[in-house]
Every structure is written in structure tokens, then in C-alpha cells.
Amino acid sequence: MRVGEIKYLSLSVLLTGLLLVNGCGKKKPTSSEGFGSIMVKIGFDITARTFIDPDTMRIDSVEVTWLDIYGRRSKHPYYTNSKGEVVLDSLFSSKYKIDALRVYRFGEGQNVKFSGSMGSIATVSMGDVPVCEINLRYVATGIKINEIYFAGPSTNELYYDDQYIELYNPEDDTLYLDGMVIYRVTANLLSQEPYQPWGQDNDGDGDIDKAISGGQFPGTPLTGREWPIAPGQFVVCACTPIDHRQYCPTSVDLSQADFEFYNPLCTRDADYPGIPNITELYKGRTTIFMLSLGSDVYVLTDGSDLNYTDGIDISSVVDGVEYRSSVPAIMKYLTPLVDQGYAGIGIQKYNGLSIERIIPGYDTNNSTNDFEIITHPTPGYQHTPADVWHPPVDAKIVNLNFHRIK
Amino acid sequence: LLKTIKILLLSSILVGTLVLTLANSIFGSQTRLFSMGDLMLIMEDEDNEINLWDFGQNPAWAVMDQKVSWGRGGTSLDWENGSYRRILDPVTLLTSNSYFDAVKTFGPDKVFFGYVDYYYYDNQKIVGSVEKYPYADEFGLLDSAGFVDANKDGLIDNIASDFTYTGPDLFAGHSRRISKNTFIGGTVGYRLEHGVKRQYIWPETYLRTFEFNFGIAQRFSRGLVLGLSFKPYDTQERIDLDPGLQGGNVVKDVVGFQWRVPISTMTRTTKNKSFETGFQGTWQAGNSLVNGLIFNYLFKNLEIDDGQSDADRVVYWQGDGYHFEYRGLWRLAAEVANVGCSYKRNYLNSWTKNPIFDTRLDEGPATEDQFGLGLGIFPSRSLRLGTEVHFYRYKEEITDLISRNIRDARIETLSFNLGGEYKFDKDFWLRAGSIYSEYDMEGSALPEDRLRKAHSFALRLGLGYSSGSALIDFALGYNVTKGDALDAQHIVLTDASRDKLNLFLSSKFFISK
């Protein structure tokens with residue numbers, strides 16, 4: 001073979017190789033991964049602005065974290081500056097869900113969580129910095145007693161059959177009412193000295209000492225999944241589930257109630273068809289389930305402690321509310337482990353007023369702050385600011401509607 | 001007999017399936033040198049010479065390496081078992097294969113060669129791995145905990161059962177002299193590995209490999225030969241999963257960039273396209289000193305495509321680098337002693353692309369270095385003894401651009417080989433050898449696996465028969481490895497060991513001298 005042929009063959013081999021270098025490979029990306037950024041700006045939801053003192057609700061030190069579409073989470077939280085802004089840096093190219101959380105502490109045991117999130121925020125490493133604006137809103141967990149309508153309609157007929165308790169699911173997940181119990185603890189004192197309140201744990205055994213009655217939801221406590229309550233759903237538990245307006249025009253329609261309190265041993269307690277029962281738990285009790293028109297205590301438990309004779313295990317309590325028409329002179333009836341305040345101060349019998357949480361599910365374990373009096377019952381929905389009751393200027397009562405968190 | 005073999009060989013060529021042999025195929029040299037403790041540097045063997053074909057892998061020189069026609073059949077059986085194993089390795093591995101390779105010369109200027117091999121792999125008590133070579137994914141693209149999510153919700157391949165592979169391996173080549181000092185050649189190889197695990201999640205894999213090798217060689221003088229070669233290869237692995245009605249998730253992990261793919265059935269396709277091109281050279285100073293040199297450019301890329309959803313894009317990896325190798329043999333004092341040495345270096349700089357965005361997820365080099373030195377003593381024509389020492393080091397420093405961490409790893413192996421052969425009869429050789437090795441490894445990339453320091457000892461025995469036109473080699477090996485391995489939680493170091501047993505038998509018949 002001649003030298004020229006050798007050169008030709010050699011060149012062919014090398015050229016083929018070079019062609020494959022270009023043909024097989026891809027161009028190396030010029031940008032390195034991990035240099036993406038997102039600017040986060042924190043504000044407040046309008047409901048939070050309505051109910052919370054703006055001087056207290058600072059937007060610095062808000063904890064911000066991220067979750068990307070592949071399930072990766074931030075290894076450490078970021079915190080906003082005094083303007084409520086923070087830059088999330090060192091991100092890799094992806095779409096992100098940004099979560100923000102701020103816990104406000106108002107005295108001992110009063111922690112209020114506000115949070116917000118924003119999804120599908122896309123950033124590309126070494127690209128433009130997108131801005132993500134998040135408004136914080138109040139966060140609650142567990143089923144809440146959202147409204148108690150106990151005072152009766154505004155009438156001279158002493159009508160009170162339209163009482164009800166409204167529950168609410170503030171979570172993002174479905175919860176279940178199976179086997180839960182609503183206990184009526186009552187604002188009573190024990191019959192023996194030193195005449196301590198029923199709703200306290202006077203003997204230190206971890207129980208609310210006594211309750212007068214209790215209604216249990218159908219289903220199996222804790223594990224049952226037959227009676228769901230969807231996220232954001234209100235559940236109306238009526239003493240008598242009918243349209244009460246046919247008997248009292250100023251009353252309310254409860255014919256669409258979700259549950260009715262029912263005592264099969266009470267001959268005058270009708271069982272309305274089509275409406276599931278919250279059945280009286282106390283054996284031998286023959287009276288109808290009703291709410292006190294003045295002062296009372298109700299607790300909602302998970303149903304794990306059905307032995308009411310030794311009290312109610314506080315660890316089983318999901319929520320509890322004490323309401324009173326006036327500030328008690330002596331003592332509080334419900335243990336502060338469940339409720340540190342009172343709702344309904346100022347309500348008079350048969351004035352058509354109701355008490356409801358300021359935001360659905362809002363719960364700081366202090367009903368003084370958590371509830372407000374509203375001008376009419378709102379079964380199955382939340383009142384608006386226009387529904388808030390304002391007492392007469394010359395009223396000689398303590399108005400707590402404006403006694404908010406400071 | 002010879003006539004029959006010739007007819008058989010010719011038939012093989014004609015039907016194209018029983019293809020011809022590769023002169024430096026593992027089969028021939030494996031049996032003899034294996035039984036002598038892998039003395040690859042100083043024991044000269046017809047399949048392990050320093051020439052452009054045996055050493056340089058340039059097929060153009062095959063016509064000069066193979067001067068006679070021959071055929072060879074053989075079988076091998078390997079068994080290994082023990083706790084010193086990686087997470088995705090089987091508890092017990094049983095491998096066997098049977099092969100036939102041959103060379104057919106057509107005068108001094110043309111040669112055909114090739115082999116056909118059929119193998120059987122039985123990975124016993126394997127968990128979590130549905131890939132044929134889970135650790136051959138050298139780029140770390142897949143979750144080291146296994147192809148499927150073994151610990152979380154969804155699809156779980158945590159049932160220890162057997163994964164068996166079978167398939168053919170075919171190879172053919174041709175080399176010819178086109179002028180007095182110029183040679184060309186080419187080879188083609190095809191291998192199919194079909195694996196089935198008859199257990200939930202019912203994985204079935206097909207691994208197909210095509211290999212080509214084209215070369216040209218020029219002899220400039222009696223002692224100097226230079227060559228150029230180009231070796232593309234293409235592999236594709238298809239993995240079918242069928243979790244049935246239960247469904248599940250497959251975890252995809254690209255250097256820590258992890259996501260899950262919900263599946264009911266799934267087919268994963270892994271494509272690997274690579275090539276190697278460069279030059280080789282050998283030069284000889286008289287009969288006493290022989291040298292070989294290789295410098296090749298390497299290019300590799302890899303794509304993994306699950307083809308499931310929009311969030312499940314193709315994973316792409318690419319790397320390039322070089323392969324450099326030197327080997328020398330110094331024959332001292334007329335067949336009384338040999339001194340051999342070698343140095344090998346593989347360097348690959350790689351990067352991984354973000355499956356969705358045009359950004360790099362990681363980048364960095366990986367390097368392999370290997371040194372060898374040996375001394376052979378030949379007291380008589382009937383006795384050959386030798387010893388070698390080999391040092392191997394793998395080093396990787398990959399920058400993870402997401403975590404800003406360096407994934408580094410260092411693996412070192414130091415081996416001492418000792419062996420020899422003795423002709424105790426007119427036609428029989430007795431062979432023996434041993435290898436002692438120490439393994440050391442460290443680095444942040446290693447905690448993904450569980451193996452730590454270890455040492456191993458191998459004992460080899462062999463018997464060779466050569467008479468006229470027939471060569472029969474038999475080899476037996478036993479290897480025990482003892483070391484430290486992390487427990488299942490990757491917390492506590494525990495003692496671990498693994499035993500291996502190897503058996504080789506080959507019979508070679510020369511058809512013409």
C-alpha cells in the first residue's frame with residue numbers, strides 16, 4: 001500500500017471518530033444547577049387584618065420553607081426581614097410550593113398560628129428571580145365547636161327548642177366524627193365542700209370531674225370512617241331539627257341540620273327521620289338534651305373515654321367552650337387546660353343572639369378572644385363582620401367583642 | 001478427525017452464527033494464566049502477547065497474530081456466596097457458560113476469527129435490583145437503594161428470589177494484509193442477556209450490546225508497528241415491570257435529584273452509546289525488550305427513559321476522557337528470567353443534565369490508575385515461576401451542583417500474585433498460583449454502599465495437556481474474602497466474608513500448522 005493510501009485510511013478513521021464526537025453527544029449546558037432564587041413577600045389575609053391588631057402582627061421572622069415538585073424540601077428555614085421579605089437562594093431549577101408560617105404568642109399558652117402558601121413558582125438556575133407574594137391566614141387543627149346558639153329567638157314566647165351547636169373542620173384534610181361525644185359539663189359546683197366547679201380537674205387525676213350528659217355521634221371512636229367532615233365544612237347539631245320559623249317567626253330553619261341530639265329514653269324527644277342521631281350516652285337519663293340559656297360548658301371529645309362516671313379524660317378533649325352571660329364573680333367553670341376565657345358575655349335570654357368564632361375554627365383556647373357575639377344564628381355558615389353584635393352605648397356590661405389580642 | 005473439524009468450522013462460517021474466534025478472547029488465556037495466579041505481565045502466552053492485537057485491541061494485526069487455523073471449545077462454572085457483597089448483589093451467584101471459538105486462515109494474508117458463547121447467570125436471593133448490572137451504571141444515576149423504592153410506599157421489590165439470565169454472545173472478525181506492511185481489520189460483536197425474576201414485581205430485562213472495532217496498522221520496521229482504531233459500541237437495556245393491580249412507585253434518582261413515578265406497568269429503556277478511538281504502538285528492541293503503548297480518546301453517553309409522564313423526562317449523562325496504557329516485557333538472559341511492568345490510566349470527565357431544564361446537575365472527573373511489576377524466573381524449560389505486584393486506585397471527585405457537596409471516593413487495591421507451572425511429563429503441565437489482595441476504600445460517595453476494608457486470598461490449581469495438535473487446559477480456583485461491611489442500617493461495621501469457586505476447561509485443536 002502506498003503512503004497516500006495509508007494517510008487516506010488514517011484520516012477516514014479519525015474523521016469518523018470526530019463525526020461521532022459531534023453526532024453522539026449533546027452540547028454541555030452552560031448553566032450550573034443550584035443557583036435559582038425566589039423572592040418571597042409576606043402579607044396578611046384580609047380576615048387576619050380584620051381581627052388582629054396590626055401593631056402586634058409583625059411580618060418579620062416569618063418562617064419560609066419550600067417543597068419542589070420532586071418532593072425535595074428545604075434543608076433549613078428562611079426568615080423574613082422587617083419588610084416581610086426574604087430571598088430563597090441556592091435553588092435548583094424546578095417548580096416550588098412555598099410555605100410561610102408565623103406563630104404569635106400572646107401570653108402564656110396563647111399561641112396563634114398564621115400560615116400561607118403559594119404553589120407552582122418556577123425558577124431556573126441562573127435565570128430571572130420570580131416574586132412570590134403570600135398572605136398569611138389563621139390556622140387551626142382538629143374539629144372545633146364553631147358556634148353555640150343557646151339564647152333562643154327574640155320573642156316573648158320563651159321559645160328555645162331551636163338551640164344548636166355548630167362544628168367546623170379547619171384542616172385541609174377530611175376528619176371524622178365517628179364516636180365523638182359532646183358533653184354538657186354545665187356551670188355547676190360540686191355538691192360537697194369546697195364546692196368546686198364540675199369542669200375543673202379538682203382531684204388532679206387528669207379528668208374533668210363531672211358532666212351532666214353526653215351525646216355520642218354514630219360510628220366507632222378514633223378508627224371509624226363513616227361520618228366524615230370535609231375540610232372547611234360546617235356541621236349543625238340541632239336539639240330539634242325542624243324549621244322553627246313555623247312556630248316562631250324570628251327563629252331559624254334547622255330542617256337541614258346534619259345531626260340531631262336524641263335521647264331514646266325521653267318520651268317527648270322525637271326522632272326525626274333522615275337525620276342521624278347524636279344519642280344520649282348517660283344510662284337512665286330521661287331528659288332531653290338542651291343548652292343552658294345563661295351559662296354552660298360544652299366539650300367535644302374523641303370518644304376514647306366513654307366512662308363518664310369518673311369524669312372525662314382531658315386528653316380526649318378535642319375542643320371545649322365555656323359561655324356565660326356575665327363575668328363570673330367567683331371562679332371559672334372549665335379548666336384552663338381547655339378554655340381560659342368565656343364566650344357570650346353580655347347575652348341575655350331570648351334576644352336572638354348567638355356566639356361564633358371570629359374566624360372559622362379560630363382557637364387560642366381562650367373563648368374570650370376566640371368568640372364574638374353575633375346578631376343572629378348562622379347555622380352552616382360563618383357570619384360576616386356586619387353580623388357582629390354591638391351592645392348599646394349605655395349597656396352596663398363588659399363588651400369583649402373589641403377586647404382582642406394585644 | 002481433522003477433516004471433520006474443518007467441515008464443521010466451514011459450516012459455522014457459512015451459517016454465520018458459529019462465528020470465528022477472537023485471538024485475545026478471555027477463554028484461552030483465562031484458563032492457563034488463571035491457574036498461575038493471573039501472572040499477566042511476565043508469563044508469555046499466545047493470547048497475551050505484546051502486539052497490536054492481543055495488547056492494542058487493533059483487529060488489523062490479527063492476521064499477523066494468528067498464523068494457523070484452530071478451533072476450541074470450553075466451559076466454565078463460577079460460584080460465589082457470602083455476606084461481603086454490595087446491597088444489590090445476589091447472596092449467591094452461579095454462572096456458567098459454554099463456548100466455541102475458532103480461527104481460520106486463508107493463506108498468510110487473510111484470517112477469519114470469532115466465537116459463539118452461551119451463558120447462564122443465576123442471581124440467587126437478590127433483592128431490590130432489576131437491572132443486569134446495577135453497579136455498572138457508573139454514573140450514579142440510579143438510586144443506590146435499588147431501582148424500585150424498597151422502603152417507602154408503593155412498589156416494593158423486597159422479596160428475595162432468583163433472577164436468572166440467559167443468552168448468546170456472538171463475535172466475528174476479519175483481518176487482512178493489504179500491502180507488505182499495511183494491515184486492516186474489523187470485528188463485530190453481539191450479546192443478548194435476557195433476565196427474568198419470577199416474583200412480584202415480575203421484572204423482565206433485555207440487555208443488548210453491539211460492538212464494532214475497525215483498525216489499520218502499519219509496520220514501519222521489524223520492531224515498530226503503529227495502528228489506528230475506532231471502536232463504537234451501543235448497548236440498550238429494556239426493563240419491564242408489572243406490579244399488577246397493586247400499582248406502585250418507581251424512584252428515579254439523578255445524583256440526588258429524586259422523584260417518583262407512579263406506575264401500573266412500566267418499561268424503562270437505558271441506552272448507552274460510546275466509542276473509543278486512538279492509536280496503538282509496539283516496538284521491539286531485539287528479542288529482549290518489547291513495549292506496547294495505547295492512547296485512546298473515550299466518549300460515553302447514557303440516556304434513561306421511563307416514558308411514563310411529563311414529569312418523567314429522559315435522564316442524560318455524558319463524559320469524555322482518555323485511556324492510556326503502557327506495558328513492557330524485558331527478557332533477561334535468554335529465557336532465564338522476565339521482567340514485566342505496566343501502567344494504565346483511565347480518565348473520564350462527566351456531567352449530568354437536568355432532565356427538564358438545560359442546566360448541569362453535576363460534573364467532575366473520575367480516574368483509574370493501575371501499576372504492575374513482575375519478575376519471572378525460568379530455571380529450566382520445564383519450570384516457570386513468577387511473581388507480580390499490582391496496585392489499583394480509583395478516584396472520583398464529582399461536584400454535586402445541587403447540594404454543593406463533593407462526592408468523592410477512593411478505592412485502592414494492592415495485590416501480590418505468585419505462581420508457576422511445571423512440566424512433569426512429556427505432555428502435561430501442572431500449574432499453581434495464589435493471589436493475596438488488600439482493599440481499602442473511603443470517601444463521601446461510599447456510604448451509599450456498605451463495603452469497607454477487606455483482604456482476600458485466592459488459591460489456583462491447573463493442569464495442562466499439549467500434544468501435537470491438541471491443547472487441553474483445566475483450572476480450578478478458590479477465593480475467600482474477609483472484610484468489614486456496614487449493617488443494613490449502615491451504622492455498625494460487621495465482619496463479612498465471601499467465597500468464590502471457579503472451574504475452567506478448554507480444549508484446543510490445531511487444524512493446520
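This is a predicted model: local features need pLDDT of at least 70, side-chain atom pairs count only at pLDDT 80 or more; totals for chains, interfaces and linings use all residues.
Figure 1. Residues 24 or more positions apart account for 64% of the chain A contacts (heavy atoms within 4.5 Å) with a separation of 6 or more. Chain A holds three helices and 23 strands. Both are DSSP runs numbered from the N terminus: helices are H or I, at least four residues, and strands are E, at least two. Of its 406 residues, 52% count as buried, meaning under 20% relative accessible area with a 1.4 Å probe, protein chains only.

**Figure 2. The largest nonpolar core.** This core has 32 residues. A nonpolar core is a set of buried Ala, Val, Leu, Ile, Met, Phe, Trp, Tyr and Cys residues joined through side-chain atoms within 4.5 Å. A:Leu167 and A:Phe217 have the most contacts inside it. Elements giving two or more residues include β9, β10 and β16 (234-238) of chain A. Beyond four places in sequence, A:Leu167 is in contact with A:Phe217, A:Val235 and A:Leu300, among others.

**Figure 3. A second, separate core.** It has 29 residues. Among them are A:Ile42, A:Tyr78, A:Cys132 and B:Leu361.

**Figure 4. A:Gln163 in its loop.** The loop runs between β9 (144-149) and β10 (164-168) of chain A. A:Gln163 is buried, at a relative accessible area of 1%.

**Notes.** Residues are numbered from 1 along each chain as written, and chains are lettered from A and ligands numbered from 1 in written order. Local features need pLDDT of at least 70, side-chain atom pairs count only at pLDDT 80 or more, totals for chains, interfaces and linings use all residues, and side-chain values use heavy atoms, without hydrogens and water.

Conventions. Buried means under 20% relative accessible area, exposed over 50%, partly exposed in between (1.4 Å probe, protein chains only).
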